[in-house]
Amino acid sequence: MEQNQKIIDEYIAGKSIAALLREYPDYTRGKINKILLDNGIVIRGGRKKKNFTEQQLEELKQMLKDGAKVKELAAHFNMDKTTMENRLYELGLKTKGRKTVNRNMISDYFSVIDCPEKAYWLGFLYTDGCVDIRNNNYRLRFQLQEQDKEILEKFKEDLNLGSKISYDIRPNSTCCSVEVIDNQLGIDLAKYGIIPNKTYESQHIPYETIPEEYLVSYVLGLFDGDGGLSISDDFSKDVALSYSAYYKSEVEDFDKLIMKLTGITNPRKPICLPAWNVSWRGRLQVLKILDVLYSQSPRFLKRKYDKYIALKESLK
């Protein structure tokens, strides 16, 4: 643009940025700095530039990766917003744009629990979801084994997430996960006990918060997260369903839920293995539980569901 070239020429001729701002009131300092930098002009004068240490640079990159905005970065590194914008430009770094990836996500998905899918996800996230706070923003991380990637795709579909599934490759296993930063989501999940450090902070399953008509789907979500289903090759013995948790009170809550939903009257005796565990044994008893859990929810973990179908077929 002709006006941009005038700014460049006048700055080279010795005019200060302050004088240019007065002459061109429609331009901000950041815009003028960008014009000059884009054209290879070294900005002169002013205070000595504060260079990032190697540690600060890594911290800056991590904050950008976590979705921090320029205003948050400026406050953290004790700079004004314009200076931070210029430093990012010079370093070739860009802010993530928190809503770029998930601009169409349903942030209030869990504001009202009005379908079995939502209840199922709350149960699953209570066991396998991880919420933390980064730069004053809630972040949800949902990580599973790679073989369960299909259910993560369903989770993305239901919340309309644009986040990509990432992989954590380890020596003996590979995990996959999806992450999302969203304050509304974090606030709503907290109402159902899905909070930072929940493994140690939550001692009871908050099932009272779930509408009665969707309780079955909620319990299936809990089972898909921290439940186990063991079946021998010929289905004649060692058929067992179990649930594990950090606190004894949580497995006792799960036992109460199973009794409430299935009519089973004998409470289980929790065992510490070292996590607390309750279990049910025998084909008929296990099938009675699974028949109820799979009766309503359109969402389920396929590998466990396949075992359930195989167990039913064994009785024919």
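A: Of the 316 residues of the chain, 44% count as buried, that is, under 20% relative accessible area with a 1.4 Å probe and protein chains only. This is a predicted model, in which local features need pLDDT of at least 70, side-chain atom pairs count only at pLDDT 80 or more, and totals for chains, interfaces and linings use all residues. Residues are numbered from 1 along each chain as its sequence is written, and side-chain values use heavy atoms, without hydrogens and water.

The secondary structure comprises 15 helices and eight strands (DSSP runs, H or I of at least four residues for helices and E of at least two for strands, numbered from the N terminus).

The pair in question is helix α14 (residues 283–293) and helix α15 (residues 302–313), which pack at an angle of about 130° with their axes 11 Å apart. Axes are lines fitted to C-alpha atoms over the stretch in contact, and angles run from 0 to 180 degrees between N-to-C directions. Helix α14 is therefore oblique to α15; angles under 35 degrees count as roughly parallel, over 145 as roughly antiparallel, 65 to 115 as roughly perpendicular and the rest as oblique.

On the α14 side, the contact (heavy atoms within 4.5 Å) is made by Arg283, Val286, Leu287, Leu290 and Asp291. Helix α15 contributes Tyr308, Leu311 and Lys312. By class, this contact has five nonpolar, no polar and three charged residues; Ala, Val, Leu, Ile, Met, Phe, Trp, Tyr, Cys and Pro count as nonpolar, Asp, Glu, Lys and Arg as charged, and the others, Gly among them, as polar.

How values were computed: Buried means under 20% relative accessible area, exposed over 50%, partly exposed in between (1.4 Å probe, protein chains only).
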